[in-house]
Amino acid sequence: MPSLEEELFPSTPGKFKDRNRHFHRCFASTSNMFLWALFLIALTASYLCFQSFMDSGNRYFTSTWGGHHWERNVINSAQIRRSHGGMSVLVTGAAGFVGSHVSLALKKRGDGVVGIDNFNNYYDPSLKKARKNLLTQNSIFIVDGDINDSKLLVKLFDIARFTHVMHLAAQAGVRYAMENPGSYIHSNIAGLVSLLEVCKNSNPQPAIVWASSSSVYGLNEKVPFSESDRTDQPASLYAATKKAGEEITHTYNHIYGLSITGLRFFTVYGPWGRPDMAYFSFTRNILQGKPITVYRGKNRVDLARDFTYIDDVVKGCIGSLDTSGKSTGSGGKKRGPAPYRIFNLGNTSPVTVPMMVAMLEKHLKVKAKKNFVVMPGNGDVPFTHANISSARKEFGYKPTTDLQTGLKKFVKWYLSYYGYDQGKL
Ligand SMILES: O=C(O)[C@H]1O[C@H](OP(=O)(O)OP(=O)(O)OC[C@H]2O[C@@H](n3ccc(=O)[nH]c3=O)[C@H](O)[C@@H]2O)[C@H](O)[C@@H](O)[C@H]1O
């Protein structure tokens, strides 16, 4: 019968056996035991050093912000430069499409603006950098950071007394949620809570206006969509996270007295837009001579969207900020009821996707190669149509740009930004 030693160590590779005997002889000697002990101590010390290196590494990764110069930039950018009724606004997602436009509009009228953006690569980050450059030229400072970094948020609130937060940072896109569901939870749920936690603890608390979405209406068939319609049938994870955001913000309003306004955006488009959206990617493909895929509903029914031009949405955002009312709490304690509002920001005139394509063809002077396919079950809804009477009543929201005019402006920007030839590449 083979011994235990022979079971554990193979008999054929003789070298292995010999080493094993040598190992036993070494261990038997006291001096070698001492050496082993020293070796173990050295190993433990290296491990502890590694741990501390990792900790300092974490600090290093978040230390792209901070320091005297950085703080001065934040303070300067947050400063209100008009005499009456100015506000100091933290704009999250400031290098994004809507965020960059809102930041510029606020700055133009003399409000203080500090942006924050994590510059993720959901779409070409160079477009986000270009928007950032535009903001920098207009004396708006954008912090490169994530809203999940609560230390950074606390620091920002310590050095700049924001009166308002315009929360636009989010994982956008309806269909991408099937590819990367975690990113929606990270930004739209965890990031939102991280921001609300810091806002509720700050003193004074800011009023918060944030981007919800028309997608919360989901499978609702009653048109036009009113804020009081049911929103408990989301068709995508994106929509579900936006709906969850409405519920989460409600609890912070209820428990801590934060003033909350949720804006349900309807397919916002325009210059400096998002390359993942249909009007944008269609433009690129049409110029490059590539086919575009146009979705259709059941029985070949065209899909339709209440496309809303960026300048109209910006007016809605600013109207919401101006009428938000104050948060009532401070330092995490509620002192009384605070406003909780939800508004549709749409255009009230849906246009079918093939009509939108025809408008692009006209402005680009190029015919599109269209492939019509049945709408895949990937989170899309067949149509959207906003009732905007609440926003009109509350802050005079009145969209003035129809899709034809808005796309003309978009195409003009697109060609100036990418160039006609580059757009074709
Ligand atoms: O209002 C919102 O809350 C959302 O608006 C936007 O979503 P959507 O309205 O779905 O816009 P978008 O993707 O441009 O598709 C437009 C139309 O083109 C159709 N579509 C799309 C792609 C394609 O390849 N083919 C196609 O026919 C498609 O079926 C649809 O009918 C924002 O992206 C989203 O982040 C959110 O803000």
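Modeller: A polar contact is a pair of N or O atoms within 3.5 Å; within protein, one atom must be able to donate a hydrogen and the other to accept it, and residues adjacent in sequence count only if both atoms are side-chain atoms. The model is predicted, so local features need pLDDT of at least 70 and side-chain atom pairs count only at pLDDT 80 or more, whereas totals for chains, interfaces and linings use all residues. Residues are numbered from 1 along each chain as its sequence is written, and side-chain values use heavy atoms, with hydrogens and water left out.

Colleague: Which backbone N or O atoms lie 3.0 Å or 3.1 Å from an oxygen atom of the ligand?

Modeller: The 3.0 Å distance belongs to a backbone N or O atom of G173, and the 3.1 Å distance to one of F265. From the side chain of Y238, an N or O atom is 3.4 Å from an oxygen atom of the ligand.

Colleague: With which side chains does the side chain of D380 make polar contacts?

Modeller: The side chain of D380 is joined to that of R175 at 2.7 Å and to that of R305 at 2.8 Å. D380 is placed in the loop between β13 (369-374) and α13 (389-395); helices (H or I, at least four residues) and strands (E, at least two) are DSSP runs, numbered from the N terminus.

Colleague: Why does D380 count as buried?

Modeller: Buried means under 20% relative accessible area, exposed over 50%, and partly exposed in between, with a 1.4 Å probe and protein chains only. D380 counts as buried because its relative accessibility is 10%.

Colleague: How many residues of helix α10 are buried?

Modeller: In α10 (residues 278-288), 8 of the 11 residues are buried, among them Y279, F280 and L287. S281 also lies in this helix and is buried because its relative accessible area is 17%. Between S281 and I292 there are 8.4 Å in space, C-alpha to C-alpha, and the two are 11 residues apart in sequence. Just after α10, G289 takes a positive phi of about 75 degrees.

Colleague: How many cavities of 30 Å³ or more does a search of the whole structure find?

Modeller: On a 1 Å grid over the protein atoms alone, a cavity is a set of points where a 1.4 Å probe fits but cannot get out, and a pocket is an open set with protein on both sides within 12 Å along at least five of seven lines; lining residues have an atom within 4 Å of a point. Grid points are joined across faces, edges and corners, and a volume is the space filled by probe spheres set on the points. The search finds 1 cavity of 30 Å³ or more, and the largest cavity has a volume of about 60 Å³. The elements giving two or more residues to its lining are α8 (181-201), β5 (207-213) and α9 (237-256); α8 gives the most, with 3 residues.

Colleague: What space lies in the second largest pocket?

Modeller: That pocket holds about 400 Å³. Its lining has 17 residues, of which E221, G297, K298, M375 and P382 are the closest to its centre.
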